[in-house]
Number of protein chains: 2
Amino acid sequence: MKTINIGLAGFGTVGTGVVKILQSQKKELKEKTGIVLNLKRIVDIDTNSDRGVKLDKSVIISNNIKDIVEDKEIDIVVELIGGVTAAKQLITGAIKNGKHIVTANKALLSECAESIFSGCKDNNLLINFEASVCGGIPVLKALKEGLVANKITSIYGIVNGTANFILTQMSLYCKSFEDALKEAQIKGFAEANPAFDIEGKDSAHKLAALATLAYGITVTFKDIYCEGITEISPLDLKFAHKLEYEIKLLAIAKLHNTNLDLRVHPTLIPKHSILANTLFENNAVYINGDNVGPLMFYGKGAGMMPTASAVVSDIADIASKIINDNCSFSQSYHYCKQELSINPMFALKTKYYLRIATVDKTYVLSNISKILSDHQVSIASLLQTETNEQGNAIIVIMTHNALEKSVMNAVQAINKLSCVKGKVLAIRVEDNM
Amino acid sequence: MKTINIGLAGFGTVGTGVVKILQSQKKELKEKTGIVLNLKRIVDIDTNSDRGVKLDKSVIISNNIKDIVEDKEIDIVVELIGGVTAAKQLITGAIKNGKHIVTANKALLSECAESIFSGCKDNNLLINFEASVCGGIPVLKALKEGLVANKITSIYGIVNGTANFILTQMSLYCKSFEDALKEAQIKGFAEANPAFDIEGKDSAHKLAALATLAYGITVTFKDIYCEGITEISPLDLKFAHKLEYEIKLLAIAKLHNTNLDLRVHPTLIPKHSILANTLFENNAVYINGDNVGPLMFYGKGAGMMPTASAVVSDIADIASKIINDNCSFSQSYHYCKQELSINPMFALKTKYYLRIATVDKTYVLSNISKILSDHQVSIASLLQTETNEQGNAIIVIMTHNALEKSVMNAVQAINKLSCVKGKVLAIRVEDNM
């Protein structure tokens with residue numbers, strides 16, 4: 001039986017999970033793949049701490065990246081360092097030394113995709129990155145292989161567990177954003193500094209990976225419009241429910257002929273859709289293929305063992321291609337030269353939810369509706385709360401399809417009205433799911 | 001660029017879909033796989049009807065299976081004939097002539113798995129059958145590859161669109177079984193003779209394919225306990241909702257150490273679970289892996305283009321392995337010699353829902369509860385309807401975990417009570433999702 005040697009860089013949570021699986025599923029992996037997946041080296045700054053796993057004596061542990069990339073016997077480098085600088089150095093070294101790559105590093109990929117992919121392509125090396133999106137859910141493999149017979153017309157992803165946990169708390173228990181965030185931090189679903197998750201950046205990184213595989217173009221972070229959930233209040237969820245909607249932070253890719261929407265923002269989606277029923281820290285990716293129709297992939301988007309499960313399946317995938325001398329770069333990444341251009345955000349056309357706090361005067365509504373009408377934004381429905389003690393009311397407007405540019409201009413004009421309190425909140429709507 | 005020649009047997013609905021995709025996605029498939037997928041021959045009894053596709057002049061259409069299996073240039077035989085007799089003849093011929101196989105035929109596989117798989121194994125041929133389970137949802141590929149690092153601890157599948165459509169109509173609109181079935185027939189989701197779908201046999205065939213890949217053992221139809229949905233009434237759905245449950249026809253595989261449950265039956269599952277939110281004709285498979293945790297794959301389980309999408313991805317998968325000389329049988333089917341035995345149904349231990357129609361007399365409940373207690377079946381909760389005009393009432397009992405054998409014996413004894421009208425309905429409960 002043939003052996004593939006693995007070098008693991010990063011012996012943290014996920015790295016430990018990978019070691020655990022390679023140990024516990026040793027016999028099964030051999031039977032299923034017909035290959036011995038041999039962990040030869042581990043590199044980490046910390047070579048001493050007890051991670052709760054007992055390494056085989058044959059595993060060499062050290063603290064220098066070079067030990068892995070320059071070891072001639074190593075076939076696959078597994079990058080689980082995280083961050084950009086050291087990880088990039090490792091991957092550059094791996095490419096230079098002809099090693100195939102498995103990584104879970106969405107930040108690195110979405111910032112350096114161009115150079116990494118072209119490096120792999122030029123050297124006929126494989127790169128797999130299933131664990132970078134939605135933990136253990138095999139959605140990248142599905143895009144590459146299971147859905148190969150489809151043009152992907154849209155992707156709607158709940159790809160950040162932290163943001164979804166917070167919105168679920170706000171939706172089910174009417175918690176404030178702050179309380180929901182605290183709850184997420186207590187339960188370990190949010191970092192001490194949660195900015196990356198709640199501002200949508202993590203979702204944008206994952207969308208870059210999804211779109212790269214779905215459309216065969218190299219998408220990076222700066223191609224993606226990105227807006228977080230910090231402005232959402234429990235009141236918005238209450239209004240959304242009244243209108244038969246739920247609010248989710250979505251990563252969206254949508255194909256219009258040769259144009260592609262790429263955007264991350266809070267979104268109103270139909271309350272009874274299966275995507276809206278993705279609760280708490282769970283992830284789900286809802287994909288439309290022109291032949292297969294709508295599909296959804298659901299599961300835990302993070303955590304030691306789910307993420308390690310994806311890393312090991314990536315290792316097994318590359319190992320079986322190495323054994324069979326099948327290392328064409330296109331196998332790991334659809335490098336079709338698709339002629340796609342990315343839609344500028346201002347050209348988006350969709351429905352909008354507008355939440356406006358106003359003083360309760362008779363002229364208010366006519367002022368607001370005149371501005372909307374002046375900007376060719378047409379009202380589909382309107383809700384208004386009772387006036388509160390301060391004499392203020394909330395107006396919620398659902399628009400018909402309108403241009404992003406027009407809506408944003410209208411919102412700016414409405415913000416300037418003296419009868420309007422605070423700023424208007426606009427949330428985009430997606431109905432087709 | 002290399003060419004793989006395809007012989008298609010069965011030019012019906014799905015076959016036509018396959019031809020459409022091979023034509024419409026020709027350029028994209030070439031770019032994504034690096035291979036020309038060339039449809040060389042089609043065989044069908046009917047060689048004349050217009051299917052709404054214009055075949056390339058190079059495609060040879062004829063009505064004899066031999067034309068495909070004996071054509072030396074054909075690499076992959078695609079079996080879309082359906083049924084068992086002719087399909088088996090085709091596949092036997094294909095194996096004899098060293099052709100790889102793609103099939104959507106769950107009936108054939110679940111009845112002749114042993115001989116087909118061993119034939120493929122002995123001749124080092126690949127066989128893919130993604131389209132046999134849940135149409136275009138790439139769940140078999142996920143079990144084989146994406147979840148390779150996992151022991152699959154359970155599978156809960158809503159794998160029959162007809163049955164799910166009927167139960168959804170009963171659940172959402174309180175329709176009777178008969179009315180819901182009529183609706184399904186009108187909408188084209190049920191055959192004129194729906195027995196195969198509503199009695200659970202189709203689900204059992206699909207469970208055989210899922211379990212074969214998940215556990216590396218050859219599962220056939222006769223290994224699976226099978227019970228349909230014909231006894232379910234809208235009243236049961238009403239009671240289930242009161243108890244915070246939904247009723248679904250599930251195909252279940254569940255691993256207990258070295259024993260495997262394999263069963264298809266109506267099941268109470270938590271009303272707010274994501275699986276319970278799989279509505280109408282949609283399919284979903286909820287899978288637990290020991291490392292990845294719970295996952296769900298959702299989508300359209302049938303139809304021309306979704307099924308054709310799966311067939312074409314199977315073709316592309318085998319084609320890329322042929323090109324790379326990577327045709328080891330284990331690549332298409334985990335032939336691990338797992339030492340698993342299938343649990344006899346009487347040994348099942350779970351919770352049960354019991355619906356009992358009785359006359360409204362004071363002694364009724366004490367008679368029933370004595371029988372349950374005599375059989376070591378303990379009551380967890382109890383609901384009772386108002387007495388109707390005929391002086392009858394419905395009692396619904398939820399049990400604690402109990403042995404199937406004990407429950408069935410108790411049900412038989414309760415059926416004999418003179419105060420009980422008609423037969424007791426017992427529905428098994430699954431809580432862990």
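User: How many residues of domain 1 of chain A are in contact with domain 2 of chain A?

Analyst: In this predicted model, 16 residues of domain 1 of chain A are in contact with 17 residues of domain 2 of chain A. What makes a pair count is that the C-beta atoms, placed from the backbone, lie within 7 Å. The centres of domain 1 and domain 2 of chain A, taken over C-alpha atoms, are separated by 27 Å.

User: Where do these domains lie along chain A?

Analyst: Domain 1 of chain A is made of residues 2–136 + 304–331, domain 2 covers 139–300, and domain 3 covers 348–429. On the side of domain 1 that touches domain 2, helix α5 of chain A (residues 106–122) gives the most, with eight residues. That side divides into eight nonpolar, four polar and four charged residues.

User: Now to the pair of chains. What makes the relation between chain A and chain B that of a two-fold axis?

Analyst: Look at the rotation and the shift. Chain B is superposed on chain A by a rotation of 180 degrees, with 0.0 Å of shift along the axis and an RMSD of 0.0 Å. That is why the relation is that of a two-fold axis. In chain B, the C-alpha of B:Phe297 is the nearest to the axis, 2.4 Å from it. The same surface serves both copies, as 98% of the contact residues of chain B recur in chain A.

User: Which elements of chain B touch chain A?

Analyst: In total, 48 residues of chain B are in contact with 47 residues of chain A. The elements of chain B that give two or more residues to this side are α2 (26–33), α6 (139–146), β12 (293–300) and α12 (304–323). Sorted by class, the side of chain B has 21 nonpolar, 19 polar and eight charged residues.

User: How do you know that β12 of chain A and β12(B) pair?

Analyst: Count the bridges. Pairing needs at least two bridges between the strands, and five join β12 of chain A (residues 293–300) to β12(B). These two strands run antiparallel. A:Phe297 has B:Phe297 as its bridge partner in β12(B).

User: Is B:Gly299 buried or exposed?

Analyst: B:Gly299, which is found in strand β12 of chain B, has 28 other C-beta atoms within 10 Å. The cut-off for buried is 20 or more, so B:Gly299 is called buried. Leaving aside neighbours within four places in sequence, the contacts of B:Gly299 include A:Val292, A:Gly293 and A:Pro294 from chain A, and B:Cys134, B:Gly136 and B:Ile137 from chain B. B:Ile137 is 162 residues apart from B:Gly299 along the chain, with 6.0 Å between their C-alpha atoms.

User: Why is β7 of chain B called largely enclosed?

Analyst: Five of the seven residues of β7 of chain B (residues 152–158) are buried, so the rest of the structure largely encloses this strand. Six bridges join β7(B) to β11 of chain B (residues 282–289), and the two run antiparallel; B:Ala284 in β11(B) is the bridge partner of B:Ile158. Four bridges join β7(B) to β9 of chain B (residues 245–256), also an antiparallel pair, and B:Gly157 has B:Ala251 as its bridge partner in β9(B).

Technical notes. Residues numbered from 1 in each chain as written. Chains lettered and ligands numbered in written order. Predicted model: local features only at pLDDT ≥ 70, side-chain atom pairs only at ≥ 80, totals over all residues. Least-squares fit on C-alpha atoms with pLDDT ≥ 70 in both. Contact = placed C-beta atoms within 7 Å. Nonpolar A, V, L, I, M, F, W, Y, C, P; charged D, E, K, R; others polar. Domains from an automatic or database assignment. Buried ≥ 20, exposed ≤ 12 C-beta atoms within 10 Å, placed from the backbone.
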